Amino acid sequence: MSQQRLKIEVAKAAVGFVEDGMTLGLGTGSTVNAFIDQLAAAGKRLDGVVSSSDETTRRLKKIGARVVDLNHTGDLELYIDGADEVDTHKRLIKGGGGAMTREKIVAGASRQFICIVDESKCVPVLGVFPLPVEVMPMARALVGRKLIGLGGQPELRDGFTTDNGNLILDVRNLDLVDPRAMEDRINRIPGVVSNGLFAHRAADRVLVASEQGVEER
Ligand code: 5RP
């Protein structure tokens, strides 16, 4: 089965958790795009959707969904998003699409976070995927030096600006054996907006698609 087919299968399974009348939080990326398609195909009648990126908003509007402002919703029942890596404790690396700051905000406002991935994203220990760090442009060099001080090898994501007008440093080689500690350490660097570790707000459920079908891990 192709990776795209696996994304469609896990997206279909996630639609099963969505109830009519819900206000849903939604992430960003190709798996989320598959989920939006499946949501439309299932004819779910949502009250509204809080989006985590301009791209997700654009796709939601295309299927006629009502995109709402998080400031007007209160806590959300459910947040659905993909990930770049998932460990056995449901902790994640996100931000391959550069949307992790808004994703973290919407996930933080949600009572349940269902993460949808294909099996290639499951790892025993986080850190093969370079960790995305969103930085304010004037702090790029400072944050880079501090990340080197933490043992990482940061690289500026070329030609990329986030929806918030900031830059992304993709960081290799960080020791992520204790992801909560590293999430905190990086957040304390002045100029860091957020980083792609979802260790404090890990997923509540992870749905994984493989050749054998979709299972919760
Ligand atoms: C975007 C993300 C995505 O969830 C992550 O990059 C996975 O994307 P995809 O579903 O395309 O593999 O964190 O910021």
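Leaving aside its neighbours within four places in sequence, which residues is F35 in contact with? In this predicted model, the residues that F35 touches under that condition are A11, A14, V15, V18, L24, L26, I80 and I116.

In soluble globular proteins, nonpolar side chains tend to be buried together. The largest nonpolar core here holds 23 residues, and the members that touch the most other members are V18, L24, L26, F35, L78, I80 and I116. At least two residues of this core are supplied by each of α1 (3-15), β1 (23-26), α2, β3 (76-81), β6 (110-118) and β12 (205-210), and the largest share, six residues, belongs to α1. Apart from this set there is a second, separate core, which has 19 residues, among them V135, A139, L167 and V171.

## The pockets and the cavity

Rolling a probe the size of a water molecule over the atoms shows where empty space is left. The table sets out the volumes and the classes of the lining residues.

| Space | Volume | Lining residues by class |
|---|---|---|
| Largest pocket | about 190 Å³ | three nonpolar, nine polar, six charged |
| Second largest pocket | about 150 Å³ | six nonpolar, three polar, four charged |
| Largest cavity | about 40 Å³ | two nonpolar, six polar, three charged |

The largest pocket, with its volume of about 190 Å³, is lined by 18 residues, and those closest to its centre are T28, G29, A83, D84 and G97.

For the second largest pocket, the lining consists of 13 residues, and K44, L46, I63, G64 and A65 are the ones that lie nearest its centre. Two or more residues of that lining come from each of α2 and β2 (48-51), so named here as the contributing elements.

How many cavities of 30 Å³ or more does the structure hold? There is one cavity that reaches this size, and the space in the largest cavity comes to about 40 Å³. Its lining is made up of S52, S53, G98, A99, M100, T101, R102, E134, T162, D163 and N164. Among the elements that contribute to this lining, helix α4 (residues 100-108) gives the most, with three residues.

Notes:
Residues are numbered from 1 along each chain as its sequence is written. This is a predicted model: local features need pLDDT of at least 70, side-chain atom pairs count only at pLDDT 80 or more; totals for chains, interfaces and linings use all residues. Side-chain values use heavy atoms; hydrogens and water are left out. On a 1 Å grid over the protein atoms alone, a cavity is a set of points where a 1.4 Å probe fits but cannot get out, and a pocket is an open set with protein on both sides within 12 Å along at least five of seven lines; lining residues have an atom within 4 Å of a point. Grid points are joined across faces, edges and corners, and a volume is the space filled by probe spheres set on the points. Ala, Val, Leu, Ile, Met, Phe, Trp, Tyr, Cys and Pro count as nonpolar, Asp, Glu, Lys and Arg as charged, and the others, Gly among them, as polar. Helices (H or I, at least four residues) and strands (E, at least two) are DSSP runs, numbered from the N terminus. A nonpolar core is a set of buried Ala, Val, Leu, Ile, Met, Phe, Trp, Tyr and Cys residues joined through side-chain atoms within 4.5 Å. Buried means under 20% relative accessible area, exposed over 50%, partly exposed in between (1.4 Å probe, protein chains only). Contact means heavy atoms within 4.5 Å.
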